[in-house]
Amino acid sequence: MKMLMRFLLCVIFMSSLVRGGTTGKIRGMVTDRNGDPLPGANVVVEGTTLGASTSLAGEYIILLVPPGLHTINVSMMGFKSSVTNDVKVEIDRTITIDFV
């Protein structure tokens with residue numbers, strides 16, 4: 001019984017190593033010209049259903065972003081929209097994009 005349990009634990013552990021990641025992550029901060037955070041700003045990866053709203057500290061995180069080049073759009077009522085083109089997302093990497 002102990003041998004069977006050890007074998008099953010080894011199989012479970014090894015399968016998690018083989019699987020690996022297939023997506024990346026985009027994170028950053030949205031501030032105004034004075035450096036004050038903008039809570040509630042919308043950050044969207046164009047052409048996908050992925051996006052996030054900024055926290056009270058102006059920070060955002062977008063998970064499960066497919067690898068490749070993406071356009072990131074930030075908008076908030078009362079402010080001009082900001083766009084960053086050709087953001088390169090890589091597998092198992094975190095890309096930091098800050099907006100002002």
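Author: Helices (H or I, at least four residues) and strands (E, at least two) are runs assigned by DSSP and numbered from the N terminus. In this predicted model, local features need pLDDT of at least 70 and side-chain atom pairs count only at pLDDT 80 or more, while totals for chains, interfaces and linings use all residues. Residues are numbered from 1 along each chain as its sequence is written, and side-chain values use heavy atoms, with hydrogens and water left out.

Reader: How many helices and strands are there in the protein chain?

Author: The protein chain has one helix and seven strands, and along the sequence these follow the pattern α-β-β-β-β-β-β-β.

Reader: How do I read the pairing of strands, and what is the order of the strands in the open sheet?

Author: Strands of a sheet pair through backbone hydrogen bonds, either parallel or antiparallel. Two strands pair if DSSP finds at least two bridges between them. Here, three strands form an open sheet in the order E4-E1-E7, with mixed pairing. Strand E4 (59-65) and strand E7 (94-96) each have a single partner strand and stand at the edges, so one side of each is left without a neighbour in the sheet. Strand E1 (residues 24-29) runs antiparallel to E4, and five bridges join them; Arg 27, for example, has Ile 61 in E4 as its bridge partner.

Reader: Which strands does E2 pair with?

Author: E2 pairs with E3 in the antiparallel sense over three bridges, and with E5, also antiparallel, over four bridges. E2 and E3 form a hairpin with five residues between them, and Gly 47 in the turn has a positive phi of about 85°.

Reader: Where does Gly 78 take its positive phi?

Author: Gly 78 takes a positive phi near 90° in the hairpin of E5 and E6, which has six residues between the strands. Strand E5 (residues 68-75) and strand E6 (residues 82-89) pair in the antiparallel sense over six bridges, and Gly 68 stands opposite Val 89 in E6.

Reader: Is Thr 54 buried or exposed, and what does its side chain reach?

Author: Buried means under 20% relative accessible area, exposed over 50%, and partly exposed in between, with a 1.4 Å probe and protein chains only. Thr 54, in the loop between strand E3 (51-53) and E4, is buried because its relative accessible area is 7%. The side chain of Thr 54 reaches the backbone oxygen of Leu 38 at 2.5 Å and the backbone nitrogen of Gly 40 at 2.9 Å. Val 30, in the loop between E1 and strand E2 (42-45), also counts as buried, at 4% relative accessibility. Of the 100 residues of the protein chain, 25% count as buried.

How values were computed:
Polar contact = N/O pair within 3.5 Å; in protein donor to acceptor, adjacent residues only side chain to side chain.
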